[in-house]
Amino acid sequence: MSVHKWGFFPFDAMDFKAAQTYLDKKAGAGWVLDKLFFKWFARFVPAEGRVHYVDLDLHGTLDDGPDPNYLQLCEDAGWELVKRAKGMLLFRSLPGRHPAPIQTDEGIEADRFWKKYVLKNFLWLLIVLLIFVPLCVILLSMPGGGAKVSEHLCSNAILLLPPWLVLAAVYLAWSFCFTIAGYIRFRRLGQLPQRGRPGAWQMGVLGFVMSLLIVGWWCLDMAEGFGLGTTVDVALTPFQDETSATPELCQSYPVVTAADLGLEYSENSRYLDGRRSLLVDFLDYSEIADGEAGATHILTTQRYNCAGEALARWMFSIRRDETANGQFTWGELDWSETASDWDFDQVCAARDGSYLLLREGATVALVGATGFDLTEPEHLDMIRRRVLG
């Protein structure tokens with residue numbers, strides 16, 4: 001049975017000296033680096049008389065690797081490459097060898113470290129701070145553009161976004177300040193702008209948690225794509241001979257159906273989709289029903305049962321903006337002011353009353369029925385009872 005010890009490896013190229021110190025401490029205790037898993041977890045095996053060396057990987061991450069001649073020179077000198085990760089080359093000495101450090105000129109090492117990593121890191125930070133962040137803000141705030149916020153609120157994956165944004169802001173600010181301070185120190189003293197081991201650990205843990213949040217978001221998003229959080233998913237289309245979206249089933253949910261408007265159920269099109277997150281319990285219903293004299297009516301209900309009234313007020317606002325700017329299946333909805341005697345917490349109407357957006361307490365509903373004036377008292381009562389009750 002092999003004996004090994006595990007260690008967290010939070011270092012990147014900006015901390016390659018701190019990584020060297022960490023590995024030296026392990027070697028002094030009789031443990032040598034064996035493997036690095038997922039670039040974050042180091043596995044050590046017992047070995048006496050072995051040492052490590054951390055060199056900069058000047059080839060970046062998108063090529064075939066370090067120069068074979070360079071690696072051969074290192075091996076001839078007594079070093080074997082264990083892992084290439086995070087802009088670093090992690091070496092350990094060969095058994096029975098006591099090699100000299102790979103780099104011996106501190107001035108050259110400092111100069112290439114500045115040019116290869118610090119300057120590049122600074123330029124990337126400038127791009128993010130001055131271009132990418134403002135661009136994202138502009139896209140998200142554009143009418144009809146950016147993410148459909150109401151849809152994302154129906155997913156649990158979105159809950160990981162706020163902590164990730166906070167951590168990313170801290171990470172960017174910290175990195176930017178460190179780079180500026182490092183540049184000043186490098187120009188004045190010619191010293192490598194290296195974080196100490198505590199700072200390297202703090203930044204490493206921060207980056208690791210951010211990575212976990214990204215992986216968690218991806219896993220949740222994938223799981224929801226396979227049905228996690230789905231409460232109902234039935235449909236009738238012209239291309240199906242049988243339907244799970246029976247009139248009785250659809251009527252059992254708080255949506256407006258053909259029967260609620262005095263119409264006969266048809267076999268045209270009908271679907272009901274439901275999803276539940278920690279923030280919103282969502283239902284989406286659509287039906288094409290036949291009316292009198294060959295008329296066709298499109299029925300729509302989008303119901304958001306929110307976790308609280310504050311969230312419901314926000315949902316009402318964003319859903320109004322989204323549908324007014326084209327983020328709706330049946331086109332833009334030009335919402336108008338509404339009468340105060342309708343007696344809802346919030347309400348507005350569009351297309352001569354055939355579409356209503358309402359909020360009652362923590363529930364928001366978008367209800368539509370082409371060819372009907374839903375502002376008539378009997379229809380308002382029906383919507384209150386069926387959808388908001």
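The questions below concern the salt bridges, nonpolar cores and a surface patch of a predicted model.

Me: What makes Arg50 and Glu80 a salt bridge?
Reply: The closest N and O atoms of Arg50 and Glu80 are 3.0 Å apart. The cut-off is 4 Å between a side-chain nitrogen of Lys or Arg and a carboxyl oxygen of Asp or Glu, so the pair qualifies. It is one of 11 salt bridges in the structure.

Me: Why is this pair said to tie parts together?
Reply: Arg50 sits in the loop between strand 3 (41-46) and strand 4 (52-56), while Glu80 belongs to strand 5 (residues 79-85), so the parts joined are 30 residues apart in sequence.

Me: Why is Arg50 called buried, and why is Glu80 called partly exposed?
Reply: Buried means under 20% relative accessible area, and exposed means over 50%. Arg50 has 13%, so it counts as buried. Glu80 has 23%, which falls in between, so it counts as partly exposed.

Me: How do you know that Glu309 and Arg313 form a salt bridge?
Reply: Their N to O distance is 3.8 Å, and the limit is 4 Å, so the pair is counted. Both residues lie in helix 8 (residues 309-324), four residues apart, which is about one turn of the helix. Glu309 is partly exposed because its relative accessible area is 41%; Arg313, at 41%, is partly exposed too.

Me: What joins Arg359 to Asp345?
Reply: A salt bridge does, with the closest N and O atoms 3.8 Å apart. Arg359 is in strand 12 and Asp345 in the loop between helix 8 and strand 11, so this bridge ties parts 14 residues apart in sequence. Arg359 is buried because its relative accessibility is 5%, whereas Asp345, at 41%, is partly exposed. Glu309, Arg313, Asp345 and Arg359 are linked in a network of salt bridges.

Me: Which residues touch the most other members of the largest nonpolar core?
Reply: Leu261, Leu356, Leu358, Leu374 and Ile383 do, in a core of 22 residues. At least two residues come from each of strand 11 (346-350), strand 12 (355-360), strand 13 (363-369) and helix 9 (377-386). Beyond its neighbours within four places in sequence, Leu358 has contacts that include Phe316, Phe344, Val347 and Ile383.

Me: What makes up the nonpolar surface patch?
Reply: Trp217, Trp218, Met222 and Phe226 form it, with an area of about 510 Å². Met222 lies in helix 6 (residues 197-225). Its relative accessibility is 36%, so Met222 counts as partly exposed. A patch residue needs over 30%, so Met222 passes that cut-off.

Conventions: Residues numbered from 1 in each chain as written. Predicted model: local features only at pLDDT ≥ 70, side-chain atom pairs only at ≥ 80, totals over all residues. Heavy atoms only, no water. Core = buried A, V, L, I, M, F, W, Y, C linked by side-chain atoms within 4.5 Å. Buried < 20%, exposed > 50% of the residue type's maximum accessible area, 1.4 Å probe, protein only. Contact = heavy atoms within 4.5 Å. Patch = residues over 30% accessible without salt bridge, like charges linked within 9 Å, V, L, I, M, F, W, Y side chains within 5 Å. Areas by Shrake-Rupley, 256 points an atom, 1.4 Å probe, with all protein chains shown as cover.
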